[in-house]
Structures are given as C-alpha cells and as structure tokens.
Amino acid sequence: MTVASVFEQILDREHVYPFMQRAQSHHIDVSHQVLLYLEGISVSFDGFKAINDLNLYINDGELRCIIGPNGAGKTTMMDIITGKTRPDTGSAWFGQTINLLDMDEPAIAQAGIGRKFQKPTVFEFLTVAENLELAMEDDRTLWTILRSKLDAEQRDHLDQVLGMIGLADQRLQRAGSLSHGQKQWLEIGMLLMQRPRLLLVDEPVAGMTHQEMDRTAELLISLAGQHSVVVVEHDMDFVRNLAAGDRTVTVLHQGSVLAEGTMDEVQNNDKVVEVYLGE
Amino acid sequence: MRTKASKSKLLLGSVSTLALSVSMNVAMAAEDTIKVGILHSLSGTMAISETTLKDTMLMLIEEQNKKGGLLGKQLEPVVVDPASNWPLFAEKARELIEKDKVDAVFGCWTSVSRKSVLPVFEELDSLLFYPVQYEGEESSKNVFYTGAAPNQQAVPAVDYLMNDLGVERWVLAGTDYVYPRTTNKILEAYLKSKGVAAEDIMINYTPFGHSDWQSIVSDIKKFGSEGKKTAVVSTINGDANVPFYKELGAQGVSAGDIPVVAFSVGEEELSGIDTAPLVGHLAAWNYFMSVDADVNDGFIDSWHSYIKNEDRVTNDPMEAHYIGFNMWVEAVKKAGSTDPAAVQDAIVGVSVPNLTGGYSTMMPNHHITKPVLIGEIQDDGQFEVVWETSGTVAGDAWSDYLEGSKDIISDWRAPLSCGNYNTKTGKCSGQNF
Amino acid sequence: MFLMEALKKDRGGQVLLGVLLVLVIAVPLLNLLVPEGHALHVPTYTVTLMGKYLTLALLAVAVDLVWGYLGILTLGHAAFFALGGYAMGMYLMRQIGDRGVYGNPLLPDFMVFLNWDELPWFWLGFDQFWFAALMVLLVPGLLAFVFGALAFRSRVSGVYLSIITQALTYALMLAFYRNEMGFGGNNGLTDFKDILGFDLQADATRIGLFIASALALALGYLLCRVLMVSRLGRVCVAVRDAESRARFLGYRVENVKLGVFTVSAMLAGVAGALYVPQVGIINPNEFSPLNSIEVVVWVAVGGRATLYGAVVGALVINYAKSYFTAELPEIWLFALGGLFVLVTLLLPRGITGLLRRKEASA
Amino acid sequence: MPMFKPLARPLPFFALWMLITLMLGLSLQARAAEDETLAQAGALLVQKFDQRADAVALLVERDHPRTQEILRLLQDGELYYRKDDDRLFVIKSAETGAEALDLLDGSAVTIEKKRDFKKVTLNNQMRNQISQALAEIGLKAEDPKRRAAAVRELLGALNEDTVSVLRNRIGNEPVAEVRELMVLALAIQDLEKGDEATRLQAIEQLDGSLEPPVRNALTALLGSDAADQVKRQAQLALNGIDEKIRYYGMLETLYFGLSLGSVLVLAGIGLAITFGVMGVINMAHGELIMLGAYTTYVIQQLMPNHIGASILVAIPAAFMVSALVGIAIERGVIRFLYGRPLETLLATFGISLVLQQAVRSIFSPLNRSVATPDWMSGLVEINPVFSLTLSRLYIILFCLLVFVALVVVLKRTPLGLQVRAVSQNRAMARAMGVRSKWVDALTFGLGSGVAGVAGVALSQLTNVGPNLGQSYIIDSFMVVVFGGVGNLWGTLVAGLSLGVANKVLEPWAGAVLAKILVLVFIILFIQKRPRGLFPQRGRAAEG
C-alpha cells in the first residue's frame with residue numbers, strides 16, 4: 001500500500017488494525033441454520049478404521065444426543081472436531097466460513113467450541129474460582145494473561161456460573177478436593193465461562209447420583225438455544241430424558257452414522273436393535 | 001570445618017556471621033606446628049590419579065617428622081578435597097592459605113586445576129608445588145614445577161625415536177586439551193626444524209575418554225604402511241588410553257611395526273590395562289619404578305610399608321613430590337623460616353637427590369633439572385629403560401619452538417625477578433603483584 | 001504495590017528477602033570495618049563463598065520456575081548458566097588487555113599459543129561491559145527461545161524433553177572442549193584481573209560482587225514471584241496439571257512454556273555471570289549434564305513450586321557438599337545418591353514442605 | 001590367520017635340522033667352531049642392548065645351526081641368564097621350583113630363587129632384527145604359511161643374498177600363493193633396480209596387487225628417473241590399485257560403523273525394554289552395564305587360567321548380577337513411582353551415584369584390567385588393505401544374537417505376552433489375572449540383565465572403571481529415543497545407523513565434531529518426529 005494510504009489509516013480514528021481485534025471476535029456465519037458440518041470424514045489408526053465416512057450436521061442452538069456402543073468412534077469424532085486428531089479424508093466446517101481442519105485446538109476453542117472430557121479434568125491444584133477464571137472468555141495472548149485482572153462484568157459472570165453449577169460455597173476450595181460429580185459440574189461450568197457457540201459434552205453424568213443427573217439434564221436443556229450442545233452418553237434414561245420433545249438422536253456404529261431420528265424412531269430401527277441386542 | 005558449620009546457619013539468618021567469626025580466631029591459635037596443605041582430588045574423575053599423591057605426601061611428612069620435623073617443629077598435613085571440580089580448587093586453595101594458614105601447598109594434577117588456583121596463590125603470596133608433567137608456557141613466582149616441561153619429556157623422546165629407531169614419519173595423537181595441543185605444536189616445530197616434511201606428520205585430536213579408535217588406528221596403520229618407519233607420539237589422556245591400545249592390538253599393530261611413545265601412561269595407568277598387547281610400546285618419563293638405584297628401592301619399600309600393600313606401584317609424579325618436598329625442606333632450613341618470600345629466595349639453586357640416583361636442582365625459572373628416561377612396556381606392567389639422557393635436563397618454562405614464547409625467558413632472581421620477560425621488547429608482562 | 005501483593009501470603013519469600021537484606025548490610029560492615037582477628041570479623045574468603053552460594057541459589061530459582069510451576073523437567077539449565085558465565089568470562093578476558101603472559105594487547109593468552117593471529121568475530125564487542133551484560137541475557141535467552149520454539153511447538157514433552165535438554169547441554173560441553181571453538185578449550189577462561197576497572201582481588205570488589213549476587217537473587221526471586229501470582233502463574237499450573245485441558249480452553253500452551261522457559265534461561269545466565277568472577281574460572285565442565293541434574297535435586301530437596309524452597313535446597317546441599325567432600329569424600333556420593341532416592345520417595349514436597357506442614361498443624 | 005600370533009614351537013624343526021646336519025656328516029672342527037661362536041654370542045647376550053644386537057648379528061652371519069632356536073627363545077622371552085655366573089638358561093615359566101635348562105649343555109637346574117635369574121629382554125630394534133633374520137631363515141621353512149609370512153616380511157626389503165635365495169627357490173615352490181608372493185617380491189626388486197624392459201614386465205606382474213610395498217615401490221618409481229613410458233604404465237597400475245584401496249576403504253568405514261553401532265545397540269537395548277516397554281526412565285542403566293563389566297573382571301580373577309572360557313562364563317553371570325540388582329531397584333524404589341516418570345528419573349539417578357561409589361569403594365577407583373581371550377584377538381585378513389578385527393566381529397554377532405533372543409522372549413514366551421499386555425493396558429491385564437507386579441519386576445530384571453551382558457562386551461573394548469556407565473548412558477538414551485520408544489527394531493536400526501553415521505562423518509569432521517553433529521541431528525529429529533523412527537501408533541499412544 002502507498003504511503004498516503006498508511007497516513008490515512010493512521011489519521012483515521014475509527015480504523016481498527018487486525019492485530020488489535022480480539023481473537024474470538026470473527027463471527028460465525030450460520031445463515032443456513034447449520035453450525036457444524038462433518039462430511040465424509042474417515043480416520044484410521046494402524047489400519048483400524050475408527051471413523052468411516054462420517055456425515056453429521058448440527059443445527060444452530062440444537063441439543064443433539066449421540067449414542068453408540070463402545071468403539072463406535074464417539075470420542076474420536078470429538079477429537080476431530082476439536083482439532084486433536086486430523087482426519088485422513090473429509091471436511092469439517094464450523095458455520096459457513098470456518099474450516100476446522102486447518103486450525104489447532106486453541107484456535108478452535110477460541111472460535112467457540114468447548115469440550116468436556118469423558119473423564120472429568122479440572123485443574124486440581126487451583127481453587128474452583130481460579131478454574132473458572134482461567135476458562136473465562138478473554139484474550140489469550142501472553143501479555144494480557146500476565147496483566148489481566150477480573151473486571152466487574154467478568155466477576156458477575158463468574159458468580160452467575162458458580163450459582164448455575166451450585167458450587168458457590170466451594171469457590172475457594174481446591175478443585176482437587178471436590179467429589180466426582182462436583183468435578184463434572186465444575187468442568188461444565190468452565191465450558192460456560194468460555195461462552196462457546198458449541199458444547200461437546202462427553203458422558204457428563206458418569207458417576208452422578210440421580211438428582212445430580214436430573215439437574216445436569218435441566219442445565220443442558222436450558223443451555224440449548226443460545227448454544228448448540230452435543231451430548232455423548234451411554235445412560236439410556238438420561239438420553240431419553242434429554243431427547244424428550246422430539247430432539248434428534250444419532251446412533252454411531254463402527255465409525256459412521258447408523259441411524260438418526262427421534263428417540264422412538266431409533267429405538268424401533270431394527271439395525272440399531274441388532275447392534276445393541278444382537279451379536 | 002567450623003566456618004562451614006556456620007554456613008548452614010546462613011540459611012536461618014544473619015546470625016551466622018557471629019558464630020563464624022568467633023570460630024575464625026579460634027583457628028588462629030595453633031602455631032606450634034608447621035602446616036603443609038595437600039590439594040589433591042579425593043573424589044570425582046581425577047581421584048584415580050590424585051589420591052595416590054595425597055598418600056605420598058602424607059608418607060613424606062610422616063617420615064620428616066620421624067627425622068625430628070623441621071626447625072624443631074612438627075609438620076602438620078592439612079588435607080582438603082577439591083573433588084575434581086576446577087572452581088572448587090580455587091576455593092579450597094584459598095581455604096588452606098587464608099583459613100588454615102598453611103606455609104606451603106603440594107597439589108593439583110590437571111593444568112586447568114593449576115590455572116584455577118594460580119591467581120589465588122599469587123594474590124595471597126603462598127607456595128604451590130606442582131608435581132605433574134605439563135605443557136610449560138607458565139612461570140609463576142609462587143609455583144614450583146617439579147614435573148617435566150615439554151623439553152624434559154617430549155623432545156628427548158622424539159630424539160630417541162629419530163636417532164635410535166630411525167623413525168621418519170610421525171603421528172602426533174592427543175586428547176584435545178591444552179597439554180597435547182602445546183606439546184604437539186612444539187614437536188611439530190621441532191620436527192620441521194629437523195627437516196621432517198609436513199606430509200610426514202599427522203596430527204589427530206580426540207575428546208576426553210574417547211572410546212572408539214577404529215578409524216583412527218586404521219588411519220595410523222595406512223599412514224605407517226607407506227614405506228617409511230613410523231611412530232606414534234601419544235599425548236592421549238587417562239581413560240582414553242585403554243581402548244586405544246586395545247584397538248592397536250586388535251588391528252595387529254605391534255610395537256615392532258609402529259611403536260607408540262606415551263607421555264601420560266605410567267605404572268599406575270598400566271595397572272588398569274591388560275598389558276599383553278602393549279609390550280614393546282614406549283613411555284618417556286623422568287622416573288620409572290624399575291629404575292635400578294638404592295634410593296629408589298628404599299622409596300619403594302617405605303611406600304609399600306606405608307600403604308600396607310606390596311602390589312602398589314610408584315610413578316613419576318610421586319617422585320616429583322618426593323623431590324619437591326625435600327627441596328622445600330632444604331629451602332626452609334636454609335632460610336631458617338617458612339615465610340614464603342624467604343623460601344622463594346632460598347629455594348633457587350637447592351639440589352636434592354632424585355630417585356634415579358642423581359641430583360635435581362631448582363632453577364631460577366622455578367622448574368627443576370631431571371634426567372629423561374625412555375622405557376619399553378614389559379608384560380609385567382613395568383617399564384624396561386631402553387635409553388636415557390647422559391646428564392640431567394633443565395626444565396624450560398618457555399619453549400624455544402613456539403612463536404609466542406621463544407623470546408620470553410623467566411628468572412626469579414633479582415634484579416630481573418620476572419616470570420615472563422620478553423627479551424625483544426624488554427618488558428615483563430602479566431605480573432599483577 | 002503489586003510487589004507487596006506478590007509477597008503477601010508468602011512468608012518464605014519475606015523471610016528470604018529479609019535475610020538477604022540483613023546480609024547485604026551486615027557482611028560488608030563486618031568485613032571492612034571490623035578489624036581482622038576481631039570476634040565479629042568476616043574474612044573475605046567467607047564473603048566470596050556466600051556470594052557463590054547465592055548465585056547457585058538463583059540458578060535453582062530459575063529451574064524451579066520451569067520445573068515447579070510448568071512441569072518441565074529441564075536437565076540442561078547448566079548450559080544457560082555456563083553460557084552466561086562464558087559471556088562474563090569473555091569480558092573479563094578482554095579486560096586483561098596486554099597484562100597477559102605474552103603481553104598481547106588484543107588476544108587472550110590461549111589464543112596466542114594456539115597461534116590465532118586475530119580475534120574471532122564472536123569475541124568482538126566483549127571489551128565493553130554493557131555489551132557483555134547484554135549477551136549474558138541474550139545468548140542464553142536466544143538459545144532457550146530457539147530450542148523451546150522447536151521443542152514446544154512440536155509438543156515434545158515430559159521425559160523426551162528432559163532427555164533432549166540433556167543432549168543439548170552435552171553437545172555444548174563437547175563443543176566447548178574443542179580448542180578450535182576459541183573459548184579456551186578444557187582450560188576455559190581464567191586468570192581474570194579486574195572488572196569495570198576494579199581489581200578482582202580487592203576485598204571491596206569481592207564485597208561488591210557479593211552484594212550484586214544478593215540483589216540479583218532478590219530481584220530474580222521477586223520477578224518469578226510476580227509472574228507466578230499473576231494469571232499467567234495459574235495458567236502455568238494449569239498446563240502442568242492438565243495440558244490438553246488448557247489447550248481446549250484456548251490457551252496456546254507452547255507460547256506459555258516458551259515465554260517462561262526463556263525468562264528462566266536468562267535468570268540462569270545472570271547467575272552464571274555473577275558466579276564466574278567470584279570463582280575466577282569458567283570451563284566446559286560447567287556444561288556437564290551432571291550439574292544440571294544436581295540443580296534439579298536442590299529444588300526437589302528444597303521443595304518444588306515454592307521458589308524460596310529452591311533457595312533453601314541450593315544452600316543446604318552445597319553446604320553439605322563442601323562439608324562432606326572435605327570430611328569424608330567416600331561418603332559424599334552415597335549421601336547425595338541416597339538423598340535423591342529418599343526425597344523423591346518420602347519428601348515429594350521437600351524440606352520446606354515439612355515446615356509448611358508443621359505450620360499447618362500448629 | 002592373525003598376523004602376529006606367536007608361531008608354533010620350534011623344537012621339531014630343530015630336531016629335523018640336527019638330523020640333516022648329521023646326515024651331512026658335519027666334521028668335528030666345524031662343531032668346535034660352532035661352540036665357540038655360541039660362547040661368544042652367549043657372552044654378548046648378557047650385556048646391554050647393543051651388544052645383544054651384535055650377538056644376534058653374529059649368530060645370523062655365522063649361520064649357526066641353533067640360530068633359529070635361540071632367536072625364537074629370545075622372541076618368546078624364554079631365555080634367561082643366571083646373575084652370578086652369566087650362564088644362559090631356557091626357562092618356560094620363571095617360578096621358584098620350576099626347572100631351567102642350560103642353553104649350552106641342556107642340563108636341568110631347578111630354580112631356588114627366581115630373583116637369581118634375569119630375562120634377556122629385547123628392545124624394538126632387536127625385535128625387528130630378529131623377525132628379519134627369522135624371515136630369511138623362514139624361507140626354507142616346511143610350513144607354507146610360514147614361508148608366505150617370511151616372504152611377506154621380506155617384501156620390499158630384499159638384499160642380494162635373499163634375492164638369490166628367492167630366485168632359486170621360486171622354481172620349485174609347490175604352493176601357488178607363496179609363489180605369487182615371491183614373484184611380487186622379485187618384481188618389486190626389479191622395479192627398483194632393473195632396465196626398462198624388466199621394469200615394464202615387473203609392472204605387469206605387480207598390477208592389481210594390494211600389498212603396501214608394491215604401492216610404495218610404484219610411487220617411488222614415479223619419482224625416479226625411469227623412462228616416461230615406464231612411468232605411464234606405473235601410473236596406470238597405481239591408479240588401479242588406489243581405486244581398489246578406496247573401495248575397500250569404504251567397506252572398512254561401513255564395518256567400523258556397524259561395530260560401533262552394535263555397541264550402541266547393546267548399550268541401548270536394555271533401556272529400550274525398561275524405558276520403552278515399562279515407561280521407566282532408568283538413569284542407573286549405565287551402572288548396570290558397569291556391573292556387567294566388573295562381573296567379567298571378577299570371573300577372570302576366579303579362573304585366571306581359562307581366560308578364553310571366562311568370557312563365556314561371564315555372560316550368564318553378568319546377566320544374573322545385573323538382573324538381580326535391577327529387580328532389587330524395581331522392588332525397592334521404582335514400583336512406588338509408577339506414573340511419575342520424572343521422579344523415577346531422579347531416584348534412579350541417585351541410585352546410579354550410589355552404585356558408582358559402591359564399586360569405587362569395593363574395587364578401588366582405579367580401572368580394572370580385563371584380558372582379551374586369544375580366540376577373540378586377531379584379524380580376519382580379507383586382503384592386505386582390508387581386514388576385520390575379530391573382537392569387533394564377535395561383538396557384532398553377539399549384538400545380533402542378543403537382539404534375536406530378546407525378540408523371541410518378548411514375542412514367543414508367556415512372559416513376553418504378559419509384558420506386552422501390561423505395557424499396553426495395565427488395568428485390563430490385571431483384570432485378566434496377570435500378576436502385573438511380578439511382570440514389572442521381571443521385565444525390569446530382563447532389561448537390566450541385558451545391560452549386564454552389554455557390560456561383558458564393553459569390557460573387551462574399553463576401561464572397566466567406575467565411570468564406564470556414565471560414558472554410555474547418554475548415548476543409549478539417544479539410541480532409544482531416536483529409534484522410537486517401546487520398539488526393539490527401532491533400537492536396532494537407530495543404533496546401527498547412528499554408528500555408521502558417526503563413522504562416515506568422522507574422517508572429515510573429526511571425532512568430536514562428528515559426535516556433536518549426531519547429537520544435534522537427533523535433537524532436531526525429535527522435533528520433527530517426537531516419537532522416534534518407529535513410533536507406537538494408535539489410541540494408546542494418543543494424547
């Protein structure tokens with residue numbers, strides 16, 4: 001660009017340089033109501049096909065349950081979406097504009113995809129509050145990490161989430177000292193702090209009491225709408241509970257979609273029945 | 001040790017300084033003995049060689065005390081362990097001089113350890129007796145070099161090979177540190193001055209503890225197979241020697257084909273080697289255990305009885321300590337005091353018997369006169385003397401074959417009293433005292 | 001103000017800084033004003049020794065920063081320490097000027113007798129203190145940055161990282177042993193005369209170096225402390241305990257690691273630079289992998305992730321070392337080795353860990 | 001096969017010699033003269049070196065019947081003289097009570113004090129002098145091998161009489177190989193002094209021979225005043241020879257590389273098991289190698305008269321020693337640290353220090369000398385410029401042997417199955433009734449034992465001392481990491497290729513720089529492929 005244009009830029013008080021824009025700020029184009037596209041994805045380890053030509057579409061604001069026997073490729077699928085594993089073939093798009101396959105985990109996370117692990121992983125040595133603070137949606141460059149303090153708005157957000165996950169009393173407790181269920185909650189809380197557009201939730205109710213399960217279900221349902229939520233779960237009651245109201249359920253088998261539809265549809269699908277009862 | 005005890009308190013707070021300095025002037029008290037510092041590594045990599053020298057010194061001091069001590073006082077050895085750690089050498093030297101108030105220190109093996117303590121001795125103006133053959137290029141007011149300088153080991157050895165064995169091609173193989181570098185530079189210059197062509201000299205350096213000698217030995221073999229009689233001049237250090245000789249043996253290079261003359265392989269080193277493949281290879285020293293002299297037999301006997309082990313060998317650095325210690329004793333008697341300055345003046349010109357049946361004298365450059373012997377390794381791990389210089393050779397601090405140093409001389413007597421006086425510029429450089 | 005904040009709830013740190021302050025004031029007075037032989041006199045010998053220990057303590061702090069908080073077990077920090085030391089050593093060499101034994105105004109003695117006819121390019125500029133000081137920070141920093149950039153980007157971690165850091169320092173050691181390198185080979189750099197025009201052997205200079213070391217340790221400690229109480233500190237812990245989690249929260253783990261690793265390397269460099277003039281020699285031995293591992297053990301013994309624990313560990317072990325090597329050399333390795341095993345098995349939180357537990361119980 | 005092996009006892013030849021002389025009916029004066037010669041020589045032999053040399057010269061020149069015998073006695077160091085009366089004796093073993101045969105009249109004496117007798121020692125000059133002399137005599141020897149050796153000894157060192165000897169023996173020399181050598185020898189002679197025609201013919205005969213003297217003679221010829229056409233031919237011949245030499249040079253480098261590599265593999269492969277299969281960083285690995293080496297030393301001390309066998313005994317012994325120590329380490333320390341690799345690293349480093357100091361205290365800090373058995377020393381000579389050192393050859397084979405054995409153990413035995421099970425999924429294996437505790441202990445024992453075996457091999461190449469372990473630990477880690485953890489094949493390939501790389505670099509980079517370059521290469525390689533050459537893939541390795 002010419003010297004003149006540079007001057008204009010400098011003089012233009014409204015001009016925002018790209019490096020000054022916040023990392024997350026690129027908006028996600030969901031003009032077709034679809035938030036996540038997985039098309040023709042395959043990946044194999046040592047010849048074993050973990051994912052085999054998988055096609056999956058998640059709508060904006062949808063709550064989607066994914067079920068399937070062990071080794072169906074549920075976790076691998078999440079690895080691919082979050083950039084941990086690179087597929088051999090296929091494409092994965094976040095909205096119309098963001099190609100997940102040329103981003104790494106941090107980039108994807110900052111783009112607005114949050115993930116909860118199968119085994120709850122929180123930072124055991126830090127307090128509950130600190131865990132949430134680290135998860136808070138914020139600029140992640142070294143310099144800002146070094147200097148940033150919580151501002152009022154962020155503090156409110158933190159308290160609000162603490163309330164949602166019911167850990168307000170434990171805020172100064174070490175995360176390591178929480179019960180299994182509480183850790184699950186904390187991790188979900190951390191997802192919320194990220195303000196993600198898409199939540200991937202892997203077996204959230206493992207090791208939870210029935211009350212806890214119900215509350216989790218409520219929470220997840222309440223999240224649907226402003227977030228899209230993908231839940232992978234074994235516990236059929238829980239899934240039935242979530243999928244109530246004709247939400248879509250996807251059945252994965254041997255790395256590809258076996259059936260898709262409402263809970264009743266898939267339960268009466270004889271292929272599914274065979275997979276679950278047969279053999 | 002008391003000061004050390006206080007150091008721990010330093011963690012707890014400044015209280016330390018108190019306790020410490022109290023202990024200090026307790027240390028001042030004892031003055032009825034003459035203290036002699038012994039600065040040899042008793043742990044770490046150098047312990048292998050240096051522990052023996054510590055024992056030698058203790059033996060010598062014990063004998064001197066049996067003879068009634070010195071100036072009517074008993075000698076008291078002060079042993080410290082610099083643990084083969086070069087900075088620690090300087091620290092321990094300072095401890096010996098400042099804290100234990102020793103009158104003279106016998107110690108160091110490697111050049112780097114000597115270099116590390118040198119400033120300390122010059123600052124505190126104390127005395128160090130250094131018993132190991134070294135590269136020269138140094139002469140300090142406070143250090144007495146009782147080991148061989150290059151002209152007391154390397155050059156005569158080369159003469160022997162050239163004149164008696166008719167060697168025409170030369171492999172200068174060494175470990176890559178200052179002693180071999182300097183020695184080889186001197187030898188290279190010397191050989192060229194004797195009309196040896198550049199392509200008849202092969203120089204090779206290897207790292208410390210080098211263990212895979214295949215390529216190098218095969219190169220030497222090729223180099224030696226080109227018609228002219230070839231010899232290897234080895235300044236290979238310590239541990240690297242065993243695999244080197246083993247490889248020579250394995251590749252069928254016998255002493256008859258290509259003799260190796262070593263400057264760092266003595267009886268002590270041989271005791272750790274299967275000598276079968278080495279028989280006939282050479283070493284140049286100023287002393288061999290096998291030397292046939294009454295004084296030597298006496299020394300060996302007292303060593304064996306002191307160390308309580310008939311199998312222990314004696315070697316050249318031990319003799320150096322023997323000479324150095326006796327020189328110091330004589331000088332102290334002559335000066336009537338242990339004051340370093342007095343001893344420095346008194347010791348020049350002192351001559352004492354060495355273990356090869358002759359006498360060694362302290363030169364004005366703080367090096368001594370010694371005979372040079374060439375020995376052939378025998379299968380019993382001893383050396384058979386095959387050649388020796390007619391008289392003794394005076395140690396030359398500054399080699400005449402090196403560009404930088406051929407104009408430099410050293411003479412610690414007044415009026416010159418300078419360790420490196422440049423005869424060209426007429427300047428005495430490098431003295432910071 | 002944020003310093004105050006950094007130190008509150010850090011009793012160890014407060015004690016440490018307090019002690020350093022007292023030392024900085026008391027030791028010079030006791031050494032210079034109190035006459036020799038008087039009960040309260042501190043001999044220069046002890047001053048230099050303390051100074052040396054303080055620099056080692058700083059090195060330990062640097063290691064604790066990356067190992068304690070970031071979980072990177074570096075077996076190569078001796079390399080950064082030694083590089084800092086060499087930078088300072090080169091400055092001191094240039095200060096000798098024509099007072100070397102060969103009286104060569106430009107070349108250090110070892111270059112003269114190895115027939116170097118001119119100063120190698122990488123020795124240029126080291127006659128200026130500011131340049132040397134800059135290099136003390138830049139050289140280790142740069143090495144750490146390049147090495148880290150490669151290693152952390154490609155997610156080399158855990159044991160692999162430890163082993164290649166070890167390889168790094170080992171390679172450097174071999175390299176510096178080579179005389180062709182122009183760093184004095186095995187003999188290294190020594191026979192220093194003066195620093196900034198002050199005679200290195202004058203008591204005043206030694207006092208000065210001691211004070212400098214104390215200040216460096218204090219500042220280094222504060223710096224690490226400030227870093228670790230910030231959110232960055234919490235991110236470090238997060239990375240240490242659950243790296244992938246931190247990634248999925250959108251943190252660029254490699255950058256965090258790289259930044260802290262580089263800072264730590266620079267601290268190590270400073271420690272080395274202060275170490276050299278006080279011990280009077282720097283040689284390739286300082287690179288040896290053994291030293292690096294020893295530093296890690298100081299930290300382990302003192303207590304990881306506390307910073308002041310590292311200081312305690314460094315002082316205790318070095319004291320023990322100089323005591324044992326003098327009294328019963330044979331026992332030393334047994335003692336040190338045993339210490340390693342016991343601490344890792346029984347005292348995962350080190351000495352200071354014990355103290356803290358006492359406090360908690362009391 | 002080995003060039004410098006002591007030749008067989010001379011006595012039979014001597015007897016035969018006497019027979020011949022008797023048949024010739026040697027006259028009495030002659031014998032008197034002989035005795036007188038012998039007396040003179042004997043008198044000289046007890047003097048200093050140069051007189052001894054004269055004695056040898058005398059015997060050879062007078063061509064005394066017992067020359068060969070006496071020279072051999074000197075060579076084998078079996079000739080002694082009694083200090084008090086300077087009489088010469090033949091002594092096989094100089095111990096009190098052993099018997100000494102008088103050289104002159106063969107009468108036997110028993111040795112009261114071995115100090116009474118002193119060996120007639122040689123120096124290098126005399127050794128050469130004697131081998132020359134023996135070679136000239138050897139031309140007439142029965143054993144063709146000996147004749148060949150003799151001629152080879154004389155290559156390029158002929159004088160008038162040896163030439164004449166060759167000329168009239170070459171006709172009726174039965175063995176082809178020897179004849180060729182003789183031809184060579186004479187051809188070299190012609191090359192040096194001969195007219196153009198003979199020189200050209202000589203070049204013909206010499207063409208393609210790799211004997212060093214040939215090459216030297218040709219080079220000398222190029223420098224001489226020979227006719228241009230001769231020089232041209234010589235140049236051609238020389239080029240041909242150099243071509244071959246270069247080719248064999250490359251083979252040699254490869255061989256050196258492989259043997260260095262096999263040492264690395266031996267040192268590393270035990271680690272590949274403990275580190276790779278169990279994920280345990282054993283910093284004491286080097287010291288386990290060291291223990292193996294010391295075991296070899298101890299075994300040799302126990303059976304000093306069977307050095308050859310001692311090595312074979314040492315292998316299982318070293319395995320047991322190191323394995324037991326390894327198991328002790330595992331049970332005593334490591335099992336408390338599973339899942340904490342970095343702590344394991346520190347603890348085992350502590351153990352390594354303790355082990356080092358232990359051997360220092362037990363065996364003294366000095367190196368210990370381990371003898372190389374005869375069957376391992378010597379050369380397999382392919383041709384004059386290319387020969388394989390036996391000890392290295394054995395070590396390469398040994399390395400492969402160990403490797404195969406390990407692969408079999410891990411792939412074919414129940415232990416191996418359990419090991420792999422545990423290393424892949426501890427919990428599952430336990431659930432299926434594998435007693436993982438013992439599997440761990442045994443695996444660690446196995447790895448340590450292999451380290452011990454490596455120690456036996458190393459004791460043949462390098463110092464047996466307290467620092468032995470340290471000098472190999474870093475290299476072995478490099479090998480394992482480079483090869484890919486948990487993969488024996490990786491270790492093999494990595495070790496060998498690193499060895500070869502090292503040796504290929506060495507000529508132009510020098511030993512030190514070569515090592516540095518290899519290290520740097522590995523560091524960079526790990527950046528590119530953090531899991532080494534042959535990584536474990538699949539979900540187990542993920543994350």
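**View 1. Helices α3 and α8 of chain C pack along each other at roughly 20°.** In this predicted model, the axes of α3(C) (residues 44-68) and α8(C) (residues 203-229) come within 9 Å and cross at roughly 20°. Because angles under 35 degrees count as roughly parallel, α3(C) is roughly parallel to α8(C), and the crossing by which α3(C) passes α8(C) is left-handed. On the α3(C) side the contact includes V47(C), M50(C), G51(C), L54(C), L58(C), V61(C) and L65(C), while α8(C) contributes, among others, R206(C), F210(C), A214(C), L217(C), Y221(C) and C224(C). Taken by class, the residues of this contact comprise 15 nonpolar, 6 polar and 2 charged.

**View 2. Helix α11 of chain C is mostly covered.**

**View 3. Chain B meets chain C through 56 of its residues.** These residues of chain B are in contact with 54 residues of chain C. On the chain B side, the elements that give two or more residues are the helices α1 (2-12), α2 (15-28), α4 (86-99), α5 (111-124) and α7 (178-193), together with the strand β18 (418-422). By class, this side of chain B has 22 nonpolar, 19 polar and 15 charged residues.

Definitions and conventions:
Residues numbered from 1 in each chain as written. Chains lettered and ligands numbered in written order. Predicted model: local features only at pLDDT ≥ 70, side-chain atom pairs only at ≥ 80, totals over all residues. Buried ≥ 20, exposed ≤ 12 C-beta atoms within 10 Å, placed from the backbone. Helix = DSSP H or I, 4+ residues; strand = E, 2+ residues; numbered from the N terminus. Contact = placed C-beta atoms within 7 Å. Nonpolar A, V, L, I, M, F, W, Y, C, P; charged D, E, K, R; others polar. Axes fitted to C-alpha atoms, helices over the stretch in contact; angles between N-to-C directions. Parallel < 35°, antiparallel > 145°, perpendicular 65-115°, else oblique. Left-handed = near helix turned anticlockwise from the far one by under 90°.
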